[in-house]
Amino acid sequence: MSWDKSGDPRILRRWFGDMEVKKHIYTMGIAGEIFMKNLKDKGVITGSRCDECEVIFVPPRSFCEYCFSELTVYEELEPKGYIETFTIVYEDYHGERLEKPLIIALIALPNAVGGIIHYIREVEPEDVYIDMEVEAVLKPRDERAGNLSDILYFKPT
Amino acid sequence: MKMNINLKNRVAIVGAGLTLFRRRLKETPKELAWAAAKMALESAGLELSDVDAVVIGTAPDAFDGIHMKGEYLADGSGGTGKPVMRVYVGGGTGVFTPIAGWWHVASGLFDVVLAVAEEKMSPAMPHPQSVFAHIWDPIIERPIGPNLIWIFALEMHRYMYKYNIKKEDIARVSVKNKRNALDHPAAQLGAKITVEDVLNSEMLVYPVQRLDISPVSDGAAAVVMVSEHIARRITDSPVWVEGVGWSLDTVHWTGRDLAYPKYVECAARMAYKMAGITNPAREIDVAEVYDPFDYKELHHMEGLMLARKGEAPILTREGITERDGDLPINPSGGLLGVGNPIAAAGMMKVTEIYWQLRGEAGKRQVKKPVYTGLAQAWGDLMQVGTVIVLRAG
């Protein structure tokens with residue numbers, strides 16, 4: 001056993017490799033399909049209701065994690081809510097300074113469990129605050145594809 | 001019960017649940033887990049609020065494509081706000097999950113434990129096989145480009161050579177299991193095929209042919225495990241966990257006896273000792289042994305000491321392992337017939353023994369009366385054995 005430290009990997013015999021599957025194909029499942037379809041077709045955010053526990057889950061779920069009921073009642077909600085918490089991103093993955101800081105928020109919907117993580121725009125970083133009311137800015141209907149980027153960002157109401 | 005160790009609680013299985021096994025199910029992994037867990041709880045007559053702790057079993061994250069898959073599955077497994085742990089021993093996970101559930105209860109820490117196993121293999125592209133490309137030594141093995149079928153082919157060939165086993169005797173396992181699966185409502189690949197069909201199927205990696213292999217599957221399974229005083233209260237027919245065992249052979253697969261699964265023997269000896277079983281071939285009435293490939297059923301029967309070395313093919317040829325035989329093996333249809341969503345497949349074997357011992361297996365019920373059953377799985381870098389022995393109450 002050698003504990004000699006070698007700080008330069010180039011002096012060692014070495015192999016390159018990876019540990020990745022080429023790609024994965026993810027599907028949305030029972031409740032997720034409804035969420036994305038409603039976002040695309042109607043421009044609404046969908047939740048699912050558990051009458052037993054008196055909660056609405058956003059995004060919707062097909063079962064209640066608290067009581068295990070199957071959830072079959074879906075509610076279409078207006079795409080607006082309030083900022084539960086937010087952060088401001090100044091640097092990218094590589095440590096490069098962003099030209100314009102990015103505001104990321106957890107947007108909660110009234111009376112719902114959960115929320116949507118998304119961008120906040122049309123407001124300066126210094127003017128954002130927790131509990132600020134915001135609404136979604138959607139792509140035009142014919143450009144929506146049924147995924148989260150159908151919502152471009154949220155802006156103050 | 002002949003427990004040779006000190007346990008706080010005797011443990012019973014009192015409910016079981018299983019989803020369909022299919023490739024590309026619409027449900028998300030957690031929706032699959034929920035379906036199986038919910039069914040298990042309902043069959044036990046319990047509610048989620050009765051559950052003290054949750055054990056989740058699921059094999060590589062790379063199948064579903066979600067890191068920390070145990071946490072991801074926790075809400076669907078009923079784990080919110082409860083002590084939750086994930087266990088993972090590769091393909092052995094499905095039987096290891098109820099083993100972990102057992103020690104949660106046997107230790108006296110919990111009275112009601114939900115054990116859930118899930119696997120969704122279809123998201124991995126181009127094929128879940130590519131996940132296995134990364135289990136080898138990155139320097140001395142991976143440059144040759146091995147995959148699982150290669151390695152099984154090498155092992156199968158060695159087994160055939162050492163005991164002079166003919167391919168048609170191995171093919172009988174596939175014929176039997178796919179036929180058994182025709183009676184399983186969750187099965188993916190039940191079929192009426194002949195030995196000739198297997199022998200004429202596409203040669204993939206000699207001597208492994210298309211019909212020697214289990215399919216790619218999505219699915220979930222669950223059992224409810226409780227302490228004795230709870231079991232006595234809620235059911236007249238608990239299924240007791242009499243013995244558990246698990247063992248790891250050397251991780252250097254090139255240094256193992258490829259013709260004999262020592263890892264299974266070690267795990268089985270641990271479980272048999274706990275259950276007071278001295279002659280397994282006589283005392284085990286029905287067994288679900290791990291059969292991702294047809295020869296593995298034979299291999300594992302020998303490791304479990306249900307057949308002498310090299311003689312499992314003879315028992316199979318003589319019909320002893322059929323549902324109406326003296327030692328029914330894989331009456332469910334096994335992985336070859338029901339399907340192979342890794343962790344869920346092993347747990348499916350436990351649910352089958354549970355239903356067999358309660359006489360609830362319907363058209364799959366074996367002909368002879370059964371009191372003691374066994375489920376076994378195998379995994380990691382093909383060297384872990386997991387065994388559970390169950391007995392009707």
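A salt bridge is taken here as a side-chain nitrogen of Lys or Arg within 4 Å of a carboxyl oxygen of Asp or Glu. In the predicted model examined here, R179(B) and E322(B) form such a bridge, with their closest N and O atoms 2.6 Å apart. Because R179(B) belongs to helix α7 (residues 167-181) of chain B, while E322(B) sits in the loop between α13 (312-317) and α14 (334-337) of chain B, the pair ties together parts that are 143 residues apart in sequence. With a relative accessibility of 32%, R179(B) counts as partly exposed.

Over all chains, a search of the whole structure finds 35 salt bridges. Another of these is formed by the side chains of D291(B) and K349(B), which meet at 3.2 Å, N to O. This pair, too, links distant parts of the chain, since D291(B) is placed in the loop between β10 (286-288) and α12 (294-303) of chain B and K349(B) in helix α15 of chain B, 58 residues apart. Both D291(B) and K349(B) are buried. In chain A, a salt bridge connects D51(A) with R49(A), the closest N and O atoms being 2.7 Å apart. Here D51(A) counts as exposed, at 51% relative accessibility, whereas R49(A), at 30%, counts as partly exposed.

The side chain of R364(B) is joined to that of E352(B) by a polar contact of 3.0 Å. When neighbours within four places in sequence are left aside, the residues in contact with R364(B) are D183(B), H184(B), P185(B), R323(B), P331(B), S332(B), E352(B), W355(B) and Q356(B).

Nonpolar packing was considered next. In soluble globular proteins, nonpolar side chains tend to be buried together. The largest nonpolar core of the model has 109 residues, of which V241(B), Y272(B), L304(B), V389(B) and L390(B) touch the most other members. Helix α15(B) supplies the largest share of this core, namely eleven residues. For V389(B), the residues touched, not counting those up to four places away in sequence, are W240(B), V241(B), E242(B), G243(B), A271(B), Y272(B), A275(B), I277(B), I284(B), T372(B), G373(B) and L374(B). Another core, of 31 residues, lies apart from the largest one and includes L41(B), L46(B), V54(B) and V116(B).

Helix α1 (residues 29-44) of chain B, with 16 residues, reaches 23 Å from its first C-alpha to its last, close to the 22 Å expected at 1.5 Å a residue. Its buried residues are P29(B), E31(B), L32(B), A33(B), W34(B), A36(B), A37(B), A40(B), L41(B) and A44(B). Just beyond α1(B), a positive phi of about 70 degrees is taken by G45(B). For helix α6 (residues 148-163) of chain B, the end C-alpha atoms are 23 Å apart, which agrees with the 22 Å that its 16 residues should span at 1.5 Å a residue. The N-terminal end of α6(B) is capped by N147(B), a side-chain oxygen of which lies 2.9 Å from the backbone nitrogen of I149(B). The buried residues in α6(B) include L148(B), I149(B), I151(B), F152(B), A153(B), E155(B), M156(B), Y159(B), M160(B) and Y163(B). Just after α6(B), N164(B) takes a positive phi of about 55 degrees.

Chain A was described as a whole. It contains one helix and ten strands, and from the N terminus on its elements run β-α-β-β-β-β-β-β-β-β-β. The radius of gyration of chain A is 22 Å, well over the 15 Å given by the globule rule for 157 residues, so chain A is more spread out than a compact globule. Its C-alpha trace spans about 65 × 40 × 35 Å along the principal axes. Of the 157 residues in chain A, 34% are buried. Among contacts in chain A between residues at least 6 apart in sequence, 50% join residues at least 24 apart.

Technical notes:
Residues are numbered from 1 along each chain as its sequence is written. Chains are lettered from A and ligands numbered from 1 in the order in which they are written. This is a predicted model: local features need pLDDT of at least 70, side-chain atom pairs count only at pLDDT 80 or more; totals for chains, interfaces and linings use all residues. Side-chain values use heavy atoms; hydrogens and water are left out. A polar contact is a pair of N or O atoms within 3.5 Å; within protein, one must be able to donate a hydrogen and the other to accept it, and residues adjacent in sequence count only if both atoms are side-chain atoms. Contact means heavy atoms within 4.5 Å. Buried means under 20% relative accessible area, exposed over 50%, partly exposed in between (1.4 Å probe, protein chains only). Helices (H or I, at least four residues) and strands (E, at least two) are DSSP runs, numbered from the N terminus. The expected span of a helix is 1.5 Å times one less than its number of residues. A nonpolar core is a set of buried Ala, Val, Leu, Ile, Met, Phe, Trp, Tyr and Cys residues joined through side-chain atoms within 4.5 Å. The radius of gyration is taken over C-alpha atoms; the globule rule is 2.2 Å times the number of residues to the power 0.38.
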